[in-house]
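Okay, thanks everyone, I'll keep this short. Let me put the structure up and we'll walk through it together.

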Amino acid sequence: MATGEGHKAPPYMMVFGVLAVLTVLEVLFAFTGLPKIWLALGLIAMAVWKAVLVALYYMHLRFEPTRLWVMALAPVPLAIILVAVVIKEIFTTGSGF
Amino acid sequence: MTPTTADRAPMAGMKVYNLKLGMWVFLLSEVMFFTGLIGAYIILRFAHPEAFAEPGVVLNVPLTAFNTFVLICSSVTMVKAFAAIEQGDQQGLQKWLLATILLGAFFVGVQIVEYTILTGEGFVPMAESYHAIARGAAEGSAVIGGPLYGATFYTMTGFHGAHVSIGVLCLCFTWWRARKGAYTAGSLGGVEIMGLYWHFVDLVWILLFTIVYLI
Amino acid sequence: MNWGDWSWMMPEGFSTFTAEVDSLYYLILWITGVTFFATEALLIYFIVRYRHKEGRKATYDHGSTKMEVVWTAIPLLILIGLGVLSKGAWDRMKIDVPAGAMEIIVTAKQFEWNATYPGPDGALGTADDFDVLNQIHAPVDQPVWIHLRAEDVLHSLFLPEMRVKQDAVPGRDIPVWFEAMATGDYTIGCAELCGIGHTTMNGTLTIHSAADFQAWASAQAEQRPQPQP
Amino acid sequence: MSTTEQEMGKALDAGGHHDHHEIPWIRQYIFATDHKMIAKQFMFVSLFFLVVGGALAGMMRWQLGFPSQPMPGGMILPDAMMAPTPNGAIMLPEFYNSLVTMHGTIMIFFAIMPLLVGLFGNLLIPLQIGAEDMAFPRLNMVSFWLAVPAGILMLASFGVEGGAAGAGWTSYAPLSTSGEWTGVYLGQQLWLASLTILGFSSLVGSVNYISTVINMRAPGMTWFRMPLATWSLFVTAVLILLAIPILAGALIMLLFDQTIGTGFFRPEVGGEPLLWQHLFWFFGHPEVYILILPAMGITSEVLANRARKPIFGYHSMVLAIVGIGFLGWIVWGHHMFQSGMNPLLGTSFMISTMAIAVPSAIKVFNWLATLWKADIHLDVPMLHALAFVSMFIIGGLSGIFMANTPVDIYIHDTYFIVAHIHYVLFGGSLFAIFAGITFWFPKMFGRMMNEPLGKVHFVLTLIFYNLVFFPMHNLGLRGMMRRIYDFTQYEFLAPLQPMNQFITVFAFLLIATQVLFVINFFWSIFKGEKASENPWDSNTLEWTVPSPPPHGNFAEMPMVYRGPYEYSSPESDTDFLPQTTPPGGGSSGVPEPTPTPEGVEA
């Protein structure tokens, strides 16, 4: 029932390097004083990149059957729907007119 | 003593053994749980920008960045442990598990220190007694942000911390079993799902760190 | 018992919304009513017609895609149609407050409705505003724009005869409007559970003729600032 | 092929292994890991809570039928609930609010949900897919033993200072954020804690169901050979898995607001009251389908079986279930049309709501078509299943009124809504539960339930039920608000008292009628006539094993050769054709499709 077998050990240390570097970059980037929107986008992009690396290599999604990582993605749209709709709701509702 | 059915899967199913599937399914619900907490934070921040502060003003970014690094390291030691047992290396497994435990415990320790400092600066979850001041600012200087800031911060990081602590306990259990030689290259389900959980907690922190501390 | 209570008619309404809302209601009532009787009749017919008898054998039939497409498409079209049909009414009732509306503030708190009127200067938020408790007074044939607010918990302003219902949310100022078409006394109710006294949180909506309203307003303005008991 | 035989060999000695395995009494009945025993545990506990919920409803009905008149037997209740007067005790409004809240909470979370998911999920899933047990039997036990303390906490809250939670089962903030609004302090916190624990229990359960259905189907049990009951329970488990954590998060935030004084939902310190409603209904709407999907599945089973006819349009039935599973996530706003939510969202939520009505419509029409040219056996399970269909039609149609935003403005928060929810949850779910219990009773206890008594119970329940809840539509149309302690306070509602009395009288009769079911239930457990292996001539796997099935269910791993609804098939000389009968009824051959090699490995 071992599942690791069948693929040679993933580049764990390289991934670690990338994660570490990205973390440093994030912190530096956060204080560049760019417009908020660009900061947010850049930081989220880097964070998602790191998250994806962890999922693909450390959680082995890259070596799992397709159907498993399809299942793993299931909640993402729900999360987006919830946050997007509620933000739109609260954000576009001022106090009266 | 019901025999575990983890070793037979008549239909193709998910093409992974039950334990791993079960852990993944559980992680899906964890995703939704943190969606609720982080989502609430994002929503509230959009609704009341004035109740929150710019990065680094109240929160100690360097300290937490270091802590993030610690957690990433613990992920590496965890995969090392898994890689070790894949090769049937019992010693390696125990060694790396122990390292992971220590790093995880250290992360929680740093978080506790951080909490103590922050509460000292009046950055607390209780709405009525919230009076956070800028880091290093003199007592009684201008209050920064609002009650929602403290509430969301402690709820999110607190629940993540709880997940790490639980993870550490489970790791200790895994380590104890590893010492008794419970895992082999042929049966490492326990180690693998432990790893899945641990890396998930790491993954959540990567997002939390960015969203809460840097944006 | 009073058999009138079994009626499926909407109670009489006195605001400009009535026609729109009630006609939509009756449209849905017809659609659902017909569907209800058709399906239930069919159900009973099948039960009687095909109930077990010696030697009966059911037909071996896995279904027909054609029929299923039909009874998927029809409800879908009807329902979406209904949705589109109602958009106008909804926007009119909840979003587009007509110009020239008389503005008042209604503040809900446990367990009373507090209506604030502009004083002689005709502007809200000035010193000469006056309050009335558990009453709303408004002129007939003129839109009334209520700034609905709450002080403590959720309440819900329910004016059945005006076809108006809107939750009051602390921290939000929610626009509610209606235009009464007949003078008289109507109901103010709270439709959102708001605590122990929820049931007592009712009042009277009085619709005056334009002249009477002016008289009432100036009479009230006399005894401000202290609110009426 | 050869691999398959190995599989069967494995299963064989596996089966043999734990048949001879002696299980200590306590592990067999108390801390049981056998899914059938856990199912029974869930059944008994939630039937008890069904009784509790009924009693609460009875007290509410008294207050509504005879406002502020001494309640018979009210004297035995503490003064915190009833105000004693010379001629009897009169209900206090705070107690009425607790009744409203706890009736809803207990019925939804502790009666209907555990009956559908805990009972039928545990009982049916492994049996219907041909598994020896759940994927994680010990987790399954944990799931039950988490539900018990949750229930105890919920009941205990009646006894604490300030009484039980009184902010409605939706517990809207800010009313629920502090005792100063409701007069309920500890009770509200117990309510939150209890639901959080229960949520974790449901979570553990659904992890189990999902893994089991995905990974443990017997050879040949392809997705489109699964019985609809299992399909609906599977989708339900997915909904629970993804919806409950959102509720848990919201509950915890609310608990913090109450205990340590955070400000998530408290506007006075800058919180967002509507955020609670968004989070709650984002969970709450999937919850609505959690409460009806399994009922639909059960109905499909019973209907096809007792009509001796293949279910009409099996595939579209499955697609409808899955479709509901998806659409259920984008309609939550229709609970909030009048909440002060940005009205611009109203129309989009109305359209999506209209769209989600369609899958339900499809199912109803397919059920009707299933009865067409069928051979309908009108025994108790079938009667209840038919009642489900006809009551669900009413509940579904009345939903269209409130989905329509302008009409909803008037009927929102009135008894029209109360009528609607009860036509779906009582007329729908509960009738399906009766159908399911009577249908699978022989499999659970090895005995049949008493038929005549069952019929009497059914007829009376159906009549009284409709006399209680149908008039509530009319009350709503007259403008009577829900959750209101004394409607006679309103001039325009006072004339409705006779109708409320009428409802109350039949509500009591309805409650009394349920005694018949309880009698029948317990009498049949001990004295009912012995049941054969397959009393209903059914096709699905659970009927190929003894009643009740042994620990480990299947002596040898079953092979599945066809869909579950092959009734009256020309292939067989009887009017049914079990899924396990090989093609041509011959000896065990190759199931098509043969389980793929990678299927049997791992």
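So, to start: is Arg163(C) buried or exposed? One thing before I answer: this is a predicted model, so please keep that in mind throughout. Now, Arg163(C) has 26 C-beta neighbours inside 10 Å, and the cut-off for calling a residue buried is 20 or more, so Arg163(C) counts as buried. You'll find Arg163(C) in the loop between strand 6 and strand 7 of chain C. For context, most residues other than glycine have a negative phi, and most peptide bonds are trans.

There's another case of that over in chain D. Ser568(D) isn't a glycine either, and its phi is positive, about 55°. Ser568(D) is in the loop between helix 17 and helix 18 of chain D, and with 23 other C-beta atoms within 10 Å, Ser568(D) is buried.

Staying in that loop, Pro548(D) sits between helix 17 (497-527) and helix 18 (597-600) as well. The bond joining Ser547(D) to Pro548(D) is a cis peptide, with omega about -15°. Phe111(C) is in the loop between strand 1 (102-109) and strand 2 (112-117).

Okay, interfaces. Which chains share the most contacts? Of the five pairs in contact, that's chains C and D. On the C side we have 76 residues, touching 86 residues of chain D. Several elements of chain C give two or more residues to that side, including helix 1 (18-49), strand 6 (155-159) and strand 7 (164-168). Helix 2 of chain C gives the largest share, 15 residues. By type, chain C's side divides into 38 nonpolar, 22 polar and 16 charged.

Now look at D against A: twelve residues from chain D and ten residues from chain A. Helix 9 (273-290) and helix 12 (344-371) of chain D each supply at least two residues there, and helix 9 has the largest share, with three residues. Chain D's side here is nine nonpolar, two polar and one charged.

Last, chain B. It has five helices and zero strands, and 54% of its 215 residues are buried. Its C-alpha atoms fill a box of roughly 65 × 35 × 30 Å. Chain B and chain C don't touch; their nearest C-alpha atoms are 12 Å apart.

That's me done, happy to go back to any of it.

Note on methods. Residues numbered from 1 in each chain as written. Chains lettered and ligands numbered in written order. Predicted model: local features only at pLDDT ≥ 70, side-chain atom pairs only at ≥ 80, totals over all residues. Contact = placed C-beta atoms within 7 Å. Helix = DSSP H or I, 4+ residues; strand = E, 2+ residues; numbered from the N terminus. Nonpolar A, V, L, I, M, F, W, Y, C, P; charged D, E, K, R; others polar. Buried ≥ 20, exposed ≤ 12 C-beta atoms within 10 Å, placed from the backbone.
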